[in-house]
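Hello,

Here is the structure I promised to pass on to you.

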Amino acid sequence: MAGKKRSGKSETPIEFRSQALAEALEKQDVAAVALALRHGNTVVPLIKPGPRDKPLDGGEVWTYRDVKTGEVALLLFSDAANKPENLPPAVGLQSPAWLRSFLKRHESTITTVFLDIAGPHPMQASPTELLKALDA
């Protein structure tokens, strides 16, 4: 499927999605979201993309900092097509191990994690809650 594109608001490769996470968010099923995050990849917005031939080789993840409060949010997506247009255009596909490592490294900085913040079925959790889910 590499290289195939889906129609819609984004011309992102079809592999930049997690069907399991999308279904769990649609049901608002916390246990299913945890399972999807533990066993599947997650789409993240990037400031600087990784090498084109290595989509799992990171790049620099974009986080949102509220200018009024200084609080930092990590945005995760079940599908690159759900990423709002006003975020950086590049996306990365990250593994459960990467997510666990990133959250542990930045747990004291990140105040909340939003999943599909612009919908269709948004959820949010603290980094601590997500780490517990990933380690369960």
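Below are some notes on one helix and on the aromatic rings. Please keep in mind that this is a predicted model.

Let's start with helix H2, which spans residues 30–39. Which of its residues are buried? They are Val33, Ala34, Ala36 and Leu37. These four cover an arc of only 165 degrees around the axis, so they sit on the same side of H2. In general, an α-helix has 3.6 residues a turn, so residues three or four places apart point the same way. On the face turned away from the buried side you will find the exposed residues Ala31 and His39.

The cover over the buried residues of H2 includes helices H1 (19–27), H3 (96–106) and H4 (127–135), along with strands S1 (42–49), S6 (110–115) and S7 (123–125). At the start of H2, Asp29 has a side-chain oxygen within 3.1 Å of the backbone nitrogen of Ala31.

Now for the rings: how many aromatic pairs are there? The count is two. Trp62 and Tyr64 make a tilted pair, 6.4 Å from centre to centre and with 50 degrees between the planes. Trp62 is buried at 18% relative accessible area, while Tyr64 is partly exposed at 39%.

Trp98 and Phe102 form the other pair, with centres 4.8 Å apart and planes at 20 degrees, so this pair is stacked. The two residues are four apart in helix H3, so about one helical turn separates Trp98 from Phe102. Trp98 is buried, with a relative accessible area of 19%, and Phe102 is buried too, at 8%.

Happy browsing!

Key:
Residues numbered from 1 in each chain as written. Predicted model: local features only at pLDDT ≥ 70, side-chain atom pairs only at ≥ 80, totals over all residues. Heavy atoms only, no water. Buried < 20%, exposed > 50% of the residue type's maximum accessible area, 1.4 Å probe, protein only. Arc of directions from axis to C-beta. Contact = heavy atoms within 4.5 Å. Polar contact = N/O pair within 3.5 Å; in protein donor to acceptor, adjacent residues only side chain to side chain. Phe/Tyr/Trp six-rings, centres within 6.5 Å; stacked < 30°, edge-to-face > 60°.
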